[in-house]
Amino acid sequence: MVLDTSHANLNALEFEVFGVDSRTGFMPLRPPVGRLPALWEVWEELLDDARHEHLQPGDKFGLSVAEMARSERWRNSLCQIPLLPIDDLETSQELLRRAHLVLSFLMHFYIHTLPPDSPVVIPQPISIPLLQVAKVLDLPPVITFSDTVLYNWCLTVSSSDTNPPKSLNPDAIRCQTLFTDTPDESAFYLCSARIELHGVRALNIMRSSMDEIFVGDALAVARLTTYLISLSTIIGELKSLLLDVRKECDPEIYYNVVRPWFRGEDSDTYLVPGSGQKRRWIFEGARDYTDLNMLPPDRELSGASAGQSSLIHALDVFLGINHERPNSLSFMKRMQRYMPRQHRQFLDHLAKNPRPLREFVMSASSMDPNDGALALKEAYNHVVMSLKEFRDSHMIIATLYIMGPARRAAAVAATSLVTPISKTEAQAGPKVSNTVQTVPEATHTQVTDDATVGITGTGGTDLVEFLKGVRNQTIRTLLSDK
Ligand code: HEM
């Protein structure tokens with residue numbers, strides 16, 4: 001499927017200011033940098049080693065002594081690399097993005113291979129450059145959706161053509177960097193990439209719609225109605241692309257093998273032995289750099305989540321779906337901190353639109369409830385319903401990929417009375433298992449009878465309640481018949 005951009009009516013320049021390409025949307029048009037230059041080769045090599053050694057999470061059930069020793073060796077080699085300057089990276093956004101990707105993958109490999117009873121102290125050779133790169137990019141020092149999806153692909157067949165490509169075929173890209181080298185992990189990221197690329201059509205329609213709202217006459221109302229009908233179809237296609245993740249990504253592998261790697265600090269529920277306190281992630285040496293206080297005031301460090309997809313946020317903003325809460329920062333607003341700066345600014349720009357769609361539709365139908373205005377309202381409601389249906393399907397996916405495997409993992413743990421293997425136990429003798437489960441979240445989050453209650457998303461949310469809330473907020477945006 002090649003993106004058809006012939007119907008695009010974009011003010012390309014305006015979109016480009018926000019790093020939004022008229023052909024590829026929030027993804028870059030050209031493949032991201034695949035490897036840092038020689039000066040930072042040691043980071044790339046460490047990442048290659050982590051992948052080739054098939055490092056395993058430190059809280060995996062039945063982790064063998066050999067696996068533990070391999071991880072420890074890798075962590076020791078990471079501690080020994082020199083602290084490299086990032087000055088020469090700062091001239092290039094593309095290099096900085098690759099550096100954020102490499103360093104955050106390294107940090108997640110480091111943290112999640114640690115035994116669960118070990119403090120989390122990220123060694124200086126990666127903590128300092130990660131904080132520095134994150135500061136320049138204005139991103140948190142943790143793995144984000146932009147690392148795993150937006151800037152994590154290459155072409156399946158490289159091209160020698162130096163002219164800018166006219167489009168990007170979602171079927172002609174593959175992932176660059178993975179934690180597990182499983183096809184399931186790759187399929188998980190590529191599902192989001194396909195949605196981003198297909199979503200370009202939605203962005204183009206949004207742009208054209210805003211032009212029509214600006215004109216605001218009867219012809220504009222008719223055109224806007226047609227655009228909204230098309231937008232509804234496109235959101236339906238995004239839903240199908242989302243459901244297609246089931247074709248190549250196995251829920252058990254996703255939950256037990258892939259997902260443990262991108263847990264953030266807020267999903268790290270292990271306690272510091274003897275203190276009853278949750279482990280904090282300590283960036284070694286950061287105190288010596290007064291300008292490196294990159295952690296948000298609430299110190300939140302969530303793991304990568306497609307909740308950080310600017311596309312879905314853009315649809316919300318365009319349709320006037322408001323997820324804000326009176327006294328606290330909503331999840332959606334929090335996730336915007338994890339987006340590339342320009343994409344965040346794009347959303348702010350959209351939100352400041354002086355003639356928002358929902359108000360326009362309301363005033364058109366209240367001032368002159370003719371057939372055209374009624375058709376417009378119907379089309380608007382149709383789009384909102386499509387996004388609600390996208391979210392219904394997303395809840396099905398979340399149930400399939402998280403709640404189901406979590407319940408099963410909790411049941412296995414309960415029946416076999418297996419507890420996470422500690423280092424001392426392991427040293428007493430290997431306890432080899434073919435299972436690849438990590439400690440099921442339900443057993444180490446809130447204690448509960450129902451394994452789904454208290455299960456947190458990668459972004460650290462109470463999953464079921466949260467997803468229902470976002471879906472219900474979408475429904476509340478529908479315009480009534482009055
Ligand atoms: C196997 C596939 C997926 C799973 C298991 C999954 C799971 C989740 C979870 C657990 C959350 C809760 C927030 C958090 O803590 O991270 C979430 C939120 C979210 N996800 Fe996904 N997700 C998947 C795929 C996608 C895809 C492909 C997209 C679209 C690009 C997407 C878009 C969102 C959005 C926008 C939110 C915020 C809540 C909302 O707007 O409804 N997800 N997802």
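Ser22 is partly exposed, because 19 other C-beta atoms lie within 10 Å, where a residue counts as buried with 20 or more other C-beta atoms within 10 Å of its own, as exposed with 12 or fewer, and as partly exposed in between, the C-beta atoms being placed from the backbone. The model is a predicted one, in which local features need pLDDT of at least 70 and side-chain atom pairs count only at pLDDT 80 or more, while totals for chains, interfaces and linings use all residues. Residues are numbered from 1 along each chain as its sequence is written.

Ser22 sits in the loop between α1 (12-17) and α2 (41-52), helices (H or I, at least four residues) and strands (E, at least two) being DSSP runs numbered from the N terminus. Although Ser22 and Leu203 are 181 residues apart in sequence, their C-alpha atoms are 8.3 Å apart in space. The loop between α1 and α2 also holds Gly34, which is partly exposed because it has 13 other C-beta atoms within 10 Å. Once neighbours within four places in sequence are left aside, Gly34 is in contact with Cys154 and Gln176, contact meaning that the C-beta atoms of two residues, placed from the backbone, lie within 7 Å. From Gly34 to Glu44, ten residues apart in sequence, the C-alpha to C-alpha distance is 9.8 Å.

Two other loops each contain a non-glycine residue with a positive phi. His54, in the loop between α2 and α3 (65-79), has a positive phi of about 50° although it is not a glycine, and this residue counts as exposed because it has 11 C-beta neighbours inside 10 Å. Asp181, in the loop between β3 (173-175) and α7, likewise has a positive phi, of about 55°, without being a glycine; Asp181 is exposed, with 12 other C-beta atoms within 10 Å.

Turning to the protein as a whole, there are 19 helices and four strands, and buried residues make up 43% of the 482 residues. Among contacts between residues at least 6 apart in sequence, 79% join residues at least 24 apart. The largest nonpolar core has 115 residues, and those with the most contacts inside it are Ala99, Leu103, Leu106 and Val133; such a core is a set of buried Ala, Val, Leu, Ile, Met, Phe, Trp, Tyr and Cys residues joined through C-beta atoms within 7 Å. Helix α16 (residues 371-416) gives the most to this core, with 13 residues.

Helix α4 (residues 93-113) is mostly covered, since 18 of its 21 residues are buried. Apart from neighbours within four places in sequence, Ala99 is in contact with Leu36, Trp40, Ile86, Leu89 and Val133.

The crossing of α4 and α5 is left-handed, a term for a near helix turned anticlockwise from the far one by less than a right angle, with right-handed used if the turn is clockwise. Among the residues of α4 that meet α5 are Ala99, Leu103 and Leu106, and those on the α5 side include Val133.

Helix α7 (residues 183-198) and helix α9 (residues 218-243) pack at an angle of about 165°, with their axes 9 Å apart, so α7 is roughly antiparallel to α9. Their contact is made by Cys191, Arg194, Ile195 and His198 of α7 and by Glu237, Leu238, Leu241 and Leu242 of α9, and the crossing of α7 and α9 is right-handed. Helix α15 (residues 357-367) packs with α16 at an angle of about 150°, with the axes 8 Å apart, and α15 and α16 are therefore roughly antiparallel to each other. The crossing of α15 and α16 is left-handed, with Val361, Ala364 and Ser365 in α15 meeting Ala373, Leu374, Leu376, Lys377 and Tyr380 in α16.

Key. Axes are lines fitted to C-alpha atoms, for helices over the stretch in contact, and angles run from 0 to 180 degrees between N-to-C directions. Angles under 35 degrees count as roughly parallel, over 145 as roughly antiparallel, 65 to 115 as roughly perpendicular and the rest as oblique.
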